[in-house]
Amino acid sequence: MLHKINLENILFLDIETVPETASFQELSEDKKVLWEDKTQYQRKEEYTPEEFYDRAGIWAEFGKIVCISVGFFNFKNEERNFRITTFSGAEKQLLRDFSALLEGHFFQPYHLLCAHNGKEFDFPFIARRMLIHDLPLPSKLNLFGKKPWEVPHLDTLELWKFGDYKHFTSLKLLTNILGIPSPKDDISGSDVCRVFYEEKDSQRIIKYCEKDVVAIAQIILKFRQEKLLEEAEIISV
């Protein structure tokens with residue numbers, strides 16, 4: 001079935017997120033209590049709410065998106081390339097810009113969004129942050145009332161599971177075992193918060209995010225048993 005999908009109809013994406021404030025102490029008193037309640041199970045007695053706050057970026061209620069990188073295939077005659085771009089800056093505006101891309105270019109029923117663990121993280125995180133900012137959900141993220149087979153999402157983690165729902169494989173591990181150049185050659189997800197708030201190096205985060213998008217596209221090519229992308233085929237726009 002994967003071989004029947006036109007690669008040009010897939011929008012590959014990845015997001016990077018951080019806690020909504022640089023430190024726990026910057027939260028309102030109400031939000032501090034809510035954070036303590038939300039993370040009580042994960043923290044147990046090992047961490048205080050403040051010590052655990054550097055992980056707040058994984059929850060849409062306590063985190064924010066600092067960039068969304070997207071990529072798509074383009075074929076002209078015999079030539080193949082993969083175009084990649086990133087939306088960054090103020091969260092509300094980057095969400096608006098990403099939504100405009102979806103509604104303007106990836107809105108047809110045959111268009112698909114693809115991410116690694118996207119169904120559990122990227123897609124719902126984006127949708128939740130849009131609602132928090134009072135932004136309308138684009139059709140590709142509005143799943144209300146849709147049947148499972150109508151959901152326009154591909155997930156490379158789900159594809160790799162082959163129905164084994166207990167199994168989790170990181171993007172780094174999956175690229176390694178499939179012989180795909182690793183995107184994790186600089187920072188890791190746990191570094192993003194520090195790089196954003198302390199180093200204030202958004203470009204480093206964008207580069208990291210874009211490499212993940214390329215890796216996700218490479219995994220789909222590998223699943224289809226097609227030739228992997230070469231550096232010359234990847235174009236930043």
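**Figure 1. Overall dimensions of the predicted chain.** The protein chain has a radius of gyration of 18 Å, which agrees with the value near 18 Å for a compact globule of 237 residues (taken over C-alpha atoms; globule rule 2.2 Å times the number of residues to the power 0.38). Its C-alpha atoms fill a box of roughly 60 × 40 × 35 Å along the principal axes. This is a predicted model: local features need pLDDT of at least 70, side-chain atom pairs need 80 or more, and totals for chains, interfaces and linings use all residues. Residues are numbered from 1 along each chain as its sequence is written, and side-chain values use heavy atoms, without hydrogens and water.

**Figure 2. The largest pocket.** This pocket holds about 840 Å³ of space (1 Å grid over the protein atoms alone, 1.4 Å probe; an open set with protein on both sides within 12 Å along at least five of seven lines; lining residues have an atom within 4 Å of a point; the volume is the space filled by probe spheres set on the points, joined across faces, edges and corners). Lining it are 27 residues; Glu16, Ile58, Phe121, Gly189 and Tyr208 lie nearest its centre. Strand 1 gives the most, with 6 residues (strands are DSSP E runs of at least two residues, helices H or I runs of at least four, numbered from the N terminus).

Figure 3. Glu61 sits in the loop between helix 2 (40-43) and strand 2 (63-76). Its relative accessible area is 37%, so Glu61 is partly exposed (between buried, under 20%, and exposed, over 50%; 1.4 Å probe, protein chains only). Beyond neighbours within four places in sequence, Glu61 contacts Glu20, Lys31 and Lys38 (heavy atoms within 4.5 Å).
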